[in-house]
Structure formats: C-alpha cells, structure tokens
Amino acid sequence: MSHQPDQPSRRSFVGAVGASLALGGTLASAPSGAQTPAFTQWGWPQPYDRVSDKSIAWLKERGWWPLTVAYQPPWSGQNAIFAVMNNQRFLQARGLEANFQTFPSGPTLNEVFVSGRAQVGNGGNFPLNTLIDRNVPTRVIALMSPNLRHQMIVPNDSPLKTITDLRGGNPATREPWVIGIATGSSAEFYLQLSLAANKLVIGKDVTFRNMPPPEQALLPKGIDAIVPWDFTNSLVINERKTGRPIDVHYPYVIYLGVTYVRQELVDNVPDVVQAISDAIAEATLWIRLSPDRAVDALLADPNLKLVPRTLLAQQIAEYNNQFKPTYLYPHTAFWFRENDRTVNWLYENKRMKTPLLEKEFQTVFRPEFMERTFNRLGWTVPKQPPFIPAGWKGTVGQPPY
C-alpha cells in the first residue's frame, strides 16, 4: 500500500469553501446533485492526481528515479516547504519516489543541477541568472520566500554605523574592509547593487571573502561585516545578539527566489512537473494549518537541529504564512522588469557572459504549471505578486524602492 500524507481526513464542501476564501481563492458553486468533493484536513482536493506509468518509465530510463530534489536549509520559507514535502511524502502520494538533498547555498546547489544529478532545485536571483547565462536547461515553476531579507551585519563593537562608513577602507589597517559573503548568491546580487548605489569600490573600499551562511553566523575574526540572508540574519541579530545591521536590500532590489526543474522534465514528462507544482502548493497549505509541526520538520534536518525553535517559528510566520499563498505564482513580466537592469549591470561588469533578453526570460519562466495548481484549488491568479502593497507608487525596475 502506498504511503499517504498523514491525516488525510475529509471535510465538507462548505468547509472547503470557507478555507479557500480565507486564503484569497474562489470556488465555483457545485452543481445540484453533484457528488461532494473530498479534501484533506489542510484543504487539498482528493483523490491525488498520480503521474503516469509512462512518465515513471521515462524517469527510470534517464536514471532519474528516484527524483532528486535539492534545497537549502539555511534559506527561510523555501526550507519549510521542502522539509514538509519530504516529511509528509507529498511527492510519493502522487506516485513519485524522491530523494531530498540539502546544500548551504545556491552556488553549491547549482553544480549538482548543472550536472543533472538533481532535477529539481531552488535558488535566488543570482544563482538563477547564472544558470540562464550558462545555458543550463532550466525552467522556473514557483516563487519562493517573498521579500527574503538580506542585510549587511557587523559585530556589536564595530565602528561602522552605516554602509557609507565603508568608504576609504579601514583606517586602522589602511586596507579595504573585509566582507564575508557567499559569492555568486543572492546576497552578492544585493551587495553589488548596494555598493554601486553608494559609490563604493570593490578592491578599494571593500573586499570579499567567500564563506557559507553557517560560517558567517559565527562572525569570525578577520571579518568586518557579513552579508547573509534570513534565517542567518535573525539568528545573529535577534537570537545570539552578536551583531547589528547597517544596511538592508529593500531599497535596491525586489528579491527573487524560485523553484526550478530541468527542461527535460517539462518537455517529456509534464505530469511530473505538475506533481511537483501541486506538492509545493499542498505543503504551503499544510504549513498554514500546522506551523508548529512544520518547525518539527525543520528541526529533523541535521543542518537545523541546533537552530532555536523560536527563530524557525518566526521565520515560518514571516516567509510562509504572512502573505496569501498565491505568492507562489511566477509573474513573468514583473520579474523580467525587476531583473533586467540588475542582470545588465552584472553583464557590464563581466559577471555574466550575455545580457538577459525578455524572450529568453519568458522561455525560462513556466507559470502554466502553478496556474493549473491554482485552478485545481479554485484560486484566482493575482494580477501582481500579492506581497506588493495595494496602491504602491513605485515602478518595478526603477529603484530606489
């Protein structure tokens, strides 16, 4: 007997309508005399759509059985979705066997995705654009971690008060200030833009030292500042209280985090891609119903077992449950406008080989899978990302925000 996610209890159609409306969705009226649909306790319609035997055979022939899903435990929002998908076996419920592998950052995850050893991955804006620039067959199917906070953090006893204090280098050593950062990550994406906006020069005012988030969190000797993303920020600032922020990404860039799959899956086994999209949305619903149990799923990961429970609970509240779950939908035009100037800046500074064209970006983004997921749930696709405030006066792609 195949394993089903726990508590697949049924509830009435009336209850399902209430849950859908509470989440910002809409449901059509059931025709008179129609059979009442069944739902899990967290609101997923039953029965599960299962991938075809033909698709499973294709995955096996390709050597992609079980499917390998790569994600990043130090990345809030995304980490909870994939820990829950793994813990609750939402892919297995749809007929897919899967192994979940963890990586400390996007650049390290990219390498296994490029090689084909992982067929599903998660990355921020810089790692995603690196894949596109390297012509890796990548297709984006979901958004992750809206507005994930990136900050420049210094030790409490640092003389630095704002990012502009970096100008001229460290007067005590007459050398550039040393910044610990995961190079090639979304943190570097933000930092490059922030340095440019504040007219700071790499090699003169600052220099980078490559290090993963767990090492950054220690604020090691010889490092003047770190630039991590949440949850590492909140761990250092709010839990350990060993550092303080002097800059944040919000004025410079609207953060883009995504789940992507190998293009071969889209081309040959689209029902597999649809199962992944559905499982992401189901995990999102499950987390909203059981945030405490989602923390349990995170703490079961060896990479997170020493992270304070209070911190993980706060991160789930901020990056999983704060916005309507329709944040998962990848709005192609919105994100191209946001990405356009930043990618061109990277190209001009020889960090990318080619500028990103709109047609190319439209090919990479594949929102139709999440749209089918929303249709199954009775949700309306939002006109713009739901984390953009109503009446926002800014223009996408034209910072400062």
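Me: What makes β3 and β4 paired strands in this predicted model?

Reply: Strand β3 (residues 67-71) and strand β4 (residues 98-102) run parallel and are joined by five bridges; since two strands pair if DSSP finds at least two bridges between them, the five bridges found here meet that condition. Within this pairing, Val69 stands opposite Phe100 in β4.

Me: Why is the crossover from β3 to β4 called right-handed?

Reply: The chain passes from β3 through helix α3 (residues 78-88) to β4, and this β-α-β crossover is right-handed, which means that, with the strands pointing away from the viewer, the path from the first strand over the helix to the second runs clockwise.

Me: Why is Asn125 called buried?

Reply: Asn125 has a relative accessible area of 2%, and because buried means under 20%, Asn125 counts as buried. Asn125 lies in helix α5 (residues 125-133), and, leaving aside its neighbours within four places in sequence, Asn125 is in contact with residues including Ser186, Tyr255 and Asn339.

Me: Which residues line the largest cavity, and how many of them are charged?

Reply: The structure holds one cavity of 30 Å³ or more, and about 50 Å³ of space lies in the largest cavity. The lining consists of Gln72, Trp75, Gly106, Gly123, Gly124, Pro127, Ser185, Ser186, Trp229 and Tyr255, and by class this lining has four nonpolar, six polar and no charged residues.

Methods:
Residues are numbered from 1 along each chain as its sequence is written. This is a predicted model: local features need pLDDT of at least 70, side-chain atom pairs count only at pLDDT 80 or more; totals for chains, interfaces and linings use all residues. Side-chain values use heavy atoms; hydrogens and water are left out. On a 1 Å grid over the protein atoms alone, a cavity is a set of points where a 1.4 Å probe fits but cannot get out, and a pocket is an open set with protein on both sides within 12 Å along at least five of seven lines; lining residues have an atom within 4 Å of a point. Grid points are joined across faces, edges and corners, and a volume is the space filled by probe spheres set on the points. Ala, Val, Leu, Ile, Met, Phe, Trp, Tyr, Cys and Pro count as nonpolar, Asp, Glu, Lys and Arg as charged, and the others, Gly among them, as polar. Helices (H or I, at least four residues) and strands (E, at least two) are DSSP runs, numbered from the N terminus. Buried means under 20% relative accessible area, exposed over 50%, partly exposed in between (1.4 Å probe, protein chains only). Contact means heavy atoms within 4.5 Å.
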